[in-house]
Amino acid sequence: LQNAELGKRAPRWIRDNEVTMCMKCKEPFNALTRRRHHCRACGHVVCWKCSDYKAHLEYDGNKLNKVCKDCYHVITGCTDSEEKKKKGILEIESAEVSGNSVICSFLQYMEKSKPWQKAWCVIPKQEALVLYMYGAPQDVKALATIPLLGYTVDDTPRSADLPHSFKLTQSKSVHSFAADNEELKQKWLKVIHLAVKGETPECQNELQVNS
């Protein structure tokens, strides 16, 4: 369908078995993670990520239908920056931030009296004052974020803690982390000590260069 006809006429649906990858982002489909979805405007087969949009389609009585990102932009006239605002802070892909991070690794994490759990932790370069926590390195949505500014760092483990642990506290919120070894713990603390004061590792380097 031409852009002008999108949503006005029902599209020809591409059959599932005619494609092996998302027709928008080109990610291969596999049985576990990427189910096939159809864009109701252009009929293309897309993955769940690329079909996570809705638009009113004229041919369907102006009902809201699932559409792909491209058709959404054409039909609604929305731009990428508006759409980014709509996406929650947690919906930044782990691979995206890990590839451009100040530091990232697995850490054990404990909140309040819950048991320790393994989390993929990332401090991205473009937000060097925020710690993102993911279930795994390839997850497309963070489980939680911690804005580090203003936290107090306590790096002396109590007897009940794991050996290479440290705590972040701010009024009533306490986040406990533990690294697999002392070297990794110190790497994290170096970055976190700066972040809680509102500084980034880049600023630190500049300071050393100037002095």
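## Salt bridges

E111 is partly exposed, with a relative accessible area of 26%; buried means under 20% relative accessible area, exposed over 50%, and partly exposed in between (1.4 Å probe, protein chains only). The model is predicted: local features need pLDDT of at least 70, side-chain atom pairs count only at pLDDT 80 or more, and totals for chains, interfaces and linings use all residues. Residues are numbered from 1 along each chain as its sequence is written, and side-chain values use heavy atoms, with hydrogens and water left out.

Side chains of opposite charge can pair when their charged atoms come close. The structure contains 8 salt bridges, a salt bridge being a side-chain nitrogen of Lys or Arg within 4 Å of a carboxyl oxygen of Asp or Glu. One of them joins K114 to E111, with 3.6 Å between the closest N and O atoms; K114 is exposed, at a relative accessible area of 52%. Another links R9 and E5 at 2.7 Å, N to O. R9 is partly exposed, with a relative accessible area of 45%, and E5 is partly exposed as well, at 28%. A further bridge connects R158 with D154, where the closest N and O atoms are 2.9 Å apart. R158 has a relative accessible area of 46% and is therefore partly exposed.

## Aromatic pairs

The structure holds 5 aromatic pairs. Rings of Phe, Tyr and Trp (its six-membered ring) pair if their centres lie within 6.5 Å; planes under 30 degrees apart count as stacked, over 60 as edge-to-face and the rest as tilted. Y109 and F177 form a tilted pair, with 5.1 Å from centre to centre and 45° between the planes. This pair links distant parts of the chain, 68 residues apart: Y109 belongs to strand β5 (residues 101-111) and F177 to strand β11 (residues 173-178). Helices (H or I, at least four residues) and strands (E, at least two) are DSSP runs, numbered from the N terminus. Both Y109 and F177 are buried.

The pair of Y132 and Y134 is stacked, because the ring centres are 6.4 Å apart and the planes lie at 15°. Y132 is buried, at 0% relative accessibility, and Y134 is likewise buried, at 0%. Y109, F166 and F177 make up one aromatic cluster.

## Nonpolar cores

A nonpolar core is a set of buried Ala, Val, Leu, Ile, Met, Phe, Trp, Tyr and Cys residues joined through side-chain atoms within 4.5 Å. The largest has 23 residues, of which L131, L148, F177, W188 and I192 touch the most other members. At least two residues of this core come from each of β5, β6 (117-124), β7 (130-134), β10 (165-170) and α4 (182-195). The greatest contribution is that of α4, with 6 residues. Apart from this core lies another, of 19 residues, including C39, V46, C47 and C68.

## The loop at G150

Where does G150 lie? G150 is in the loop between β8 (144-147) and β9 (152-154). At 43% relative accessibility, G150 counts as partly exposed. Leaving aside neighbours within four places in sequence, G150 is in contact (heavy atoms within 4.5 Å) with Q170 and V196. The C-alpha atoms of G150 and A195 are separated by 8.5 Å, although the two residues are 45 residues apart along the chain.
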